Amino acid sequence: MVEFVVPEPDYDRYSNRQLAAVPLALLALALLVLAGWYLMTGAPVTPGIEFTGGTEIQIATDASQTEVRQAFDFEPDSVQPVAGSNEFIVTTQSADNEAIRSQAESAGYEIVSIQTRSASFGADAQRLALMGIAVAFVGMSILIFVLFRSFVPSLAVVLSAFSDIIIPLALMNLFGIKLSLGSVAALLMLIGYSVDSDILLNNHILRRRGSFYESTYRAMQTGVTMTVTSISAMTVMYIVSSLFKIPLLPDLAIVLVFGLVVDLMNTYMMNLSLLRWYKYEGVAR
Amino acid sequence: MNLRDNWRIIMLTVFVLASTFALFGPASAPDADVNNSSSVGASTDPTNLKYGLELAGGSRIRAPLVGTTAENLDIEQDNRADIRSTVASEMDVGGGDVNVRLNTENGDAVEVLERNVSEQRLRAALEAAGVGTEDATVRSGVTGETRQQTVETIQAKINRGGLSGGTVTDQRSATGDHFVVVDVPNANTTQVLDLIGDQGEVRVVAHYPVSGDNGTEYRNQTVLTNRQLERSQIGVADTDRNGRPMVPITLQEEDAQNYSQALVDTGFTSSEATGGQRCRYREQPSDSGYCLYTVLDGEIVYAASLNSNLAESIESGEFEKAPTFQMQTTSMDEAQSLQVNLRAGALPTELATDEGTVLFLQQSLGDRFKSRALLTGLIAWLAVSGMVFLRYKNPRVALPMLMTAAAEVYILLGFAAAIGLPLNLSYIAGFIAVIGTGVDDLLIIADEILNEGEIATGRVFQNRFRKAFWVIGAAAVTTIIAMSPLAFLSLGDLQGFAIVTIVGVLIGVLVTRPAYGDVLRNLMLNQQQRE
């Protein structure tokens, strides 16, 4: 039978600098990707139609994908078939609900669903979403500093959570995933999730008896199980919900997978190196 | 089993039972008032759960109201009428499109219910009306009073237009903008927009020839305003003796007097108007003779002569004693829509649908999302189960853990059923977030209690439990803080997700997850004793 045992890394072999270098380099790279994206497209992440405004229409027809693409006056952003049915999902930047409805009807398509957002509404939603993430992050940071009441361990948690959001954002650009309500929900969930394993690690190292490495390993046994369990659940959810074409869930799942994988690295390399430095050198100062 | 030691398990049991009652018991209170819940319980669904549009199908229109409002003005009660007419003429809009409202949340206000009103022009018009605008703030949107009236009128139209179960609410976004949200299950967008997309203002206009110096010219005079029609008694759309569709209307006494006077003055009761110069709008719109137009939102929807019997009864004064007449239409559908417009009244202002969102979903697609989302959730739960079994191998640890995670979702569903929360896809994302944090916490509790192989009892157990709880509590508070901006800022679509996550984390931390600690201790002690 397959065994799931959390391996014990040999941390002694690496210096704090070496440990922190990889996550910090990746964080820097991610920031670079976001900055480059911002310079090229005017936004750090490409917003989806929920934030730019536009229409998503799901139609049932026996026509082919090419025929569907040509049936509308506008150039569709994408035409995706829904697996296991004769349906297509067409997205476009056009927010003229009435025109799109009548074009679909005159082409003989059955409208299964249609959703239109005006550009101004989308822009408002985007501002709110970003504000929500920012407020959530600041609130979380304040809480962490209050809970641990010491600078370096708190900073380790906050920095790791920051990286857990930034790297998935960069990955979204690389994989062509647009910012949607699902990915915003995932980014918010990441703030909560990523902090779980960090708090656990800090708590074991700072507030428990036992040697540094013993405490670390004990925290890792629980923490890695937590994260790996979530990753497996979200991977499965991504596959199933993409096949089923359920809105919201695939974006949410894939961004969470990105974030949780990144969190494993950040927690047990960056956060750990900062804690080790704090425990052996920082406190002594 | 010691009750005092196991009070957490008892509490969990009570919550599960309460959820069962909420989910499967006799339908609870929110069901009684269908108009106030934005969903319909599918008849095939054995539970009391309510589903929102994304899972039940239907139409949602969310849009701001057309208008521009100047606030923080200082207006004397007596000058209201003057200001209204001056602003209307300065802005070149109808008098009905300007309102002067005193003592709103932001001082006195003047609103112009038209599209594309420039701030500059409104300020200039106010200055011209003698209202100082130095301290005034001008924003797009309408006053709270108008918004309230509009919401009530839309609700009335939806109820009377035969779209059952529709709800209308006023939603405020975090940026301070207001949106009117109209949810109608089992209706498509066209049906809803036909009913409420326009203001639905009905007037009766007399169109008649006057011979002047340059030959015959036509004049228009409104003989029945929307206000007069709204306060009269509107009958049920029906067909008259000749099988033509119509709506019977009984005017108020005073309105009847004015109406008949106006018709007599304009010559509609003359033998010419009911004879040789009868309305021939359909054949010759430019030279139509004596026509009474039924005007809906500025468009002529019907034109007819005054019925000769009615003309006689107006001349003789009979009409004023029993002021009932029939407003004719070309089709029964039109008669019904006219009846709705007259009974519910005109909207004070239009919905700016091009600045909002429009959603339509077939019920079958909603059903598909429902079953598939449930299946997705189950598969994700199985993935979690697999990992937990691989990690602990002992079913005494793993089984209760999975049961607890399931109980958490069950209680949350019970909560949703009890308060009549209409479930949407974003709520399902919330359930997933709750299971996620739940399993994390259960792992922390299990590892803490099983620490070093010894099963703790008494004070040691309490101590370890408290240690685990510190981490869980801290993580829970972080999650709640992360979600609260969305829950309280009212970001529409993600609000449900945030609320479910917060409630779920609270139920988890206060009820289910602590109970797991007790269950685990009991089971492990049993195992030890047997060994």
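Of the 285 residues of chain A, 57% count as buried (under 20% relative accessible area with a 1.4 Å probe, protein chains only; exposed is over 50%, and partly exposed lies in between). This is a predicted model, in which local features need pLDDT of at least 70, side-chain atom pairs count only at pLDDT 80 or more, and totals for chains, interfaces and linings use all residues. Residues are numbered from 1 along each chain as its sequence is written, chains are lettered from A and ligands numbered from 1 in the order in which they are written, and side-chain values use heavy atoms, with hydrogens and water left out.

**View 1. Chain A and its secondary structure.** Chain A has nine helices and four strands, taken as DSSP runs (helices H or I, at least four residues; strands E, at least two) and numbered from the N terminus. Their order along the sequence is α-α-β-α-β-β-α-β-α-α-α-α-α. The C-alpha trace of chain A spans about 75 × 45 × 30 Å along its principal axes. Among the contacts in chain A with a separation of 6 or more, 75% are between residues 24 or more positions apart; contact means heavy atoms within 4.5 Å.

**View 2. The interface of chain B and chain A.** The size of an interface is often given as the accessible area lost when the parts come together. Here the two chains bury about 6000 Å² between them, 70% of it on carbon and sulfur atoms; this is the accessible area (1.4 Å probe) lost on being put together, summed over both parts. Chain B gives 68 residues to the contact and chain A gives 71 residues. Across the interface there are 15 residue pairs in polar contact, both at pLDDT 80 or more. A polar contact is a pair of N or O atoms within 3.5 Å; within protein, one must be able to donate a hydrogen and the other to accept it, and residues adjacent in sequence count only if both atoms are side-chain atoms. Elements giving two or more residues to the side of chain B that touches chain A include α6 (189-196) and α13 (363-392). The largest share, 15 residues, comes from α15(B).

**View 3. Strand pairing and a salt bridge between the chains.** Strand β4 (residues 110-117) of chain A runs antiparallel to β17(B), joined by five bridges; strands pair if DSSP finds at least two bridges between them. A:Ser113 has B:Leu361 as its bridge partner in β17(B). Between chain B and chain A there are two salt bridges (a side-chain nitrogen of Lys or Arg within 4 Å of a carboxyl oxygen of Asp or Glu). B:Arg368 forms a salt bridge with A:Glu87, with the closest N and O atoms 2.6 Å apart.

**View 4. The salt bridge of B:Asp183 and B:Arg60.** The closest N and O atoms of this pair are 2.7 Å apart. B:Asp183 lies in strand β8 (residues 178-185) and B:Arg60 in strand β2 (residues 58-63) of chain B, so the pair ties together parts 123 residues apart in sequence. Both residues are buried.

**View 5. B:Arg513 and its salt-bridge partners B:Glu408 and B:Asp441.** B:Arg513 meets B:Glu408 in a salt bridge (2.7 Å, N to O). B:Arg513 lies in helix α17 (residues 495-530) and B:Glu408 in helix α14 (residues 395-418) of chain B, so this pair ties together parts 105 residues apart in sequence. B:Arg513 is buried, with a relative accessible area of 1%, and B:Glu408 is buried at 2%. The side chain of B:Arg513 also meets that of B:Asp441 in a salt bridge (2.6 Å, N to O).
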